[in-house]
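Please look over this protein before reading on. The report takes its parts one at a time.

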Amino acid sequence: MSSSPRASVLFVCVHNAGRSQMAAGFLSHLAGDRVEVRSAGSIPGDRVNPSAVEAMKEVGIDISGATPKVLTTEAVQASDYVITMGCGDACPVFPGKKYLDWALEDPAGKGIEAVRPIRDQIKARIEALVAEIDAQHA
């Protein structure tokens, strides 16, 4: 069996500071090296949302070292899946990619109590994504 990743996934949200960082953390944790994980933002923030970091820490995933990155055409071209979370038309579209838009509440400016349900929705979607990727490569 090849040691190369089965798929490459790019998570995109406006600031790359909350939803996309939590999604990237979950996917890296649940899929390991089976999937290449990227995240970016159309207008990246200065740092990852502290409430998102804390919410992920509660489930044993450390995203404190993550930093918001700017969305590039190259990142989209290099990804098999492009999952947007509220960035709308800012994401370039290329043939042959699978695009998903996850309607998730923006955790920006929210406390831990409001971020937990967003985190849990992201986890459920990531679990389904991992199952889909694994099924395609079984």
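## Helix α2 and its ends

A polar contact is a pair of N or O atoms within 3.5 Å. Within protein, one atom must be able to donate a hydrogen and the other to accept it. Keep that in mind at the start of α2. There, a side-chain oxygen of N49 comes to within 2.7 Å of the backbone nitrogen of S51. This is a predicted model, and the distance is computed from it.

Helix α2 covers residues 50–58. Its buried residues are S51, A52, V53, A55 and M56. What do they pack against? Their partners are α1 (19–31) and α4. After α2 comes G60, and its phi is positive, near 80°.

Strand β3 spans residues 81–84. Which way do its side chains point? Y81 and I83 point one way, while V82 and T84 point the other way. In a regular strand, the side chains alternate between the two faces of the sheet. All four of these residues are buried.

Two strands pair with β3. Strand β1 (residues 7–13) runs parallel to β3, and four bridges join them. Here F11 stands opposite I83. Strand β4 (residues 98–101) also runs parallel to β3, again with four bridges. In β4, D101 is the bridge partner of T84.

## One aromatic pair

How many aromatic pairs does the whole structure hold? A search finds one. F11 and W102 form it, and the pair is tilted. The ring centres are 6.1 Å apart, with 50° between the planes. Why does it count as tilted? Planes under 30 degrees apart count as stacked and those over 60 as edge-to-face, so a pair between these limits is tilted.

This pair links distant parts of the chain. F11 sits in strand β1, and W102 lies in the loop between β4 and α4 (112–136). They are 91 residues apart. Both F11 and W102 are buried.

## The nonpolar cores

In soluble globular proteins, nonpolar side chains tend to be buried together. The largest nonpolar core here has 30 residues. Those with the most contacts inside it are V9, F11, L27 and I126. Which elements give two or more residues to this core? They are β1, α1, α2, β3 and α4. Helix α4 gives the most, with seven residues.

Take I126 as an example. Leaving out residues up to four places away in sequence, I126 touches F11, A23, F26, L27, L30 and W102. Both members of the aromatic pair, F11 and W102, are in that list.

## Salt bridges

The count comes to eleven salt bridges. In one of them, the side chains of E132 and K98 meet at 2.7 Å, N to O. This pair links distant parts of the chain: E132 is in helix α4, K98 is in strand β4, and they are 34 residues apart. E132 is partly exposed because its relative accessibility is 25%. K98 is also partly exposed, at 34%.

R116 and E113 meet at 2.8 Å, N to O. They are three residues apart in α4, so about one helical turn separates them. Is E113 buried or exposed? E113 counts as exposed, at 61% relative accessibility. R116 is partly exposed, with 23%. E127 and K123 form another salt bridge, with their closest N and O atoms 3.8 Å apart. These two are four residues apart in α4, so they too are about one helical turn apart. An α-helix has 3.6 residues a turn, so residues three or four places apart point the same way. E127 is partly exposed at 39%, and K123 is partly exposed at 34%.

Salt bridges also form a network. It links E58, E113, R116, R119 and D120.

## D106 in its loop

D106 is in the loop between β4 and α4. D106 is partly exposed because its relative accessible area is 31%. Which residues does D106 touch, not counting residues up to four places away in sequence? They are R19 and I118. D106 and E132 are 26 residues apart in sequence. In space, C-alpha to C-alpha, D106 and E132 are 25 Å apart.

How values were computed: Residues numbered from 1 in each chain as written. Predicted model: local features only at pLDDT ≥ 70, side-chain atom pairs only at ≥ 80, totals over all residues. Heavy atoms only, no water. Buried < 20%, exposed > 50% of the residue type's maximum accessible area, 1.4 Å probe, protein only. Pairing = 2+ DSSP bridges. Phe/Tyr/Trp six-rings, centres within 6.5 Å; stacked < 30°, edge-to-face > 60°. Contact = heavy atoms within 4.5 Å. Salt bridge = Lys/Arg side-chain N within 4 Å of Asp/Glu carboxyl O. Core = buried A, V, L, I, M, F, W, Y, C linked by side-chain atoms within 4.5 Å.
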